Amino acid sequence: MAKTYDPNNIFARILRGEIPCKKVMETEHALAFHDINPQAPTHILVIPKGPYVDMDDFTAKASEAEIAGLFRAVGEVARQAGAVEPGYRILSNCGADAHQEVPHLHIHVFAGRDLGRMLAKA
Ligand code: 5GP
């Protein structure tokens, strides 16, 4: 069943300028800003400007331009952060099992230290 977008989620409010953020980059289709509770020396969130709950919603409904715009922005953020070498990780939590907290699609960009293995063991 399709998830309903909550227009008052915290990232929607950041997009509307109602709540401040430490902006890294803005394009036609994406906004990038520093995570308020960083888990690595570089921890940037890249979000689409459109109202998408998560990766499932986005990949089902967004236009080609929005999808390209978001992923181009992710790559550009990592380059601008100087993270291509020695490396970075992107991550997007989708739904309850992934512990997604904010119901507006966001891609985490982590860098600046050895990020360890992909997932902790269950
Ligand atoms: P999730 O668990 O949904 O993948 O990640 C949500 C992320 O949003 C967390 O890393 C959290 O620190 C970040 N976050 C939550 N509220 C705010 C906020 O108001 N501003 C910023 N910049 N980040 C936030």
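Trainee: How many salt bridges does the structure hold?

Mentor: The structure holds 7 salt bridges, a salt bridge being a side-chain nitrogen of Lys or Arg within 4 Å of a carboxyl oxygen of Asp or Glu. Bear in mind that this is a predicted model, where local features need pLDDT of at least 70, side-chain atom pairs count only at pLDDT 80 or more, and totals for chains, interfaces and linings use all residues. Residues are numbered from 1 along each chain as its sequence is written, and side-chain values use heavy atoms, with hydrogens and water left out.

Trainee: What is the general idea behind such pairs, and which residue forms a salt bridge with Arg13?

Mentor: Side chains of opposite charge can pair when their charged atoms come close. Here Arg13 pairs with Glu18, and their closest N and O atoms are 3.3 Å apart. Arg13 has a relative accessible area of 32% and Glu18 one of 44%, so each is partly exposed; buried means under 20%, exposed over 50%, and partly exposed in between (1.4 Å probe, protein chains only).

Trainee: Where do Glu76 and Arg79 lie?

Mentor: Both are in helix H3 (residues 64–80), 3 residues apart, about one turn of the helix. Helices (H or I, at least four residues) and strands (E, at least two) are DSSP runs, numbered from the N terminus. The side chains of Glu76 and Arg79 meet in a salt bridge at 3.2 Å, N to O. Elsewhere, salt bridges that share partners join Arg13, Arg16 and Glu18 into one network.

Trainee: Now the strands: in which sense do S1 and S2 pair?

Mentor: In general, side chains in a regular strand alternate between the two faces of the sheet. Two strands pair if DSSP finds at least two bridges between them. Strand S1 (residues 23–26) and strand S2 (residues 30–34) pair in the antiparallel sense, over 3 bridges. They form a hairpin with 3 residues between them, and Met25 has Ala32 in S2 as its bridge partner.

Trainee: And the ligand: which residues come nearest?

Mentor: Start with what "around" means: a residue counts if one of its heavy atoms lies within 4 Å. Of the 17 residues around the ligand, Asp35, Asn93, Glu101, His106 and His108 come nearest.
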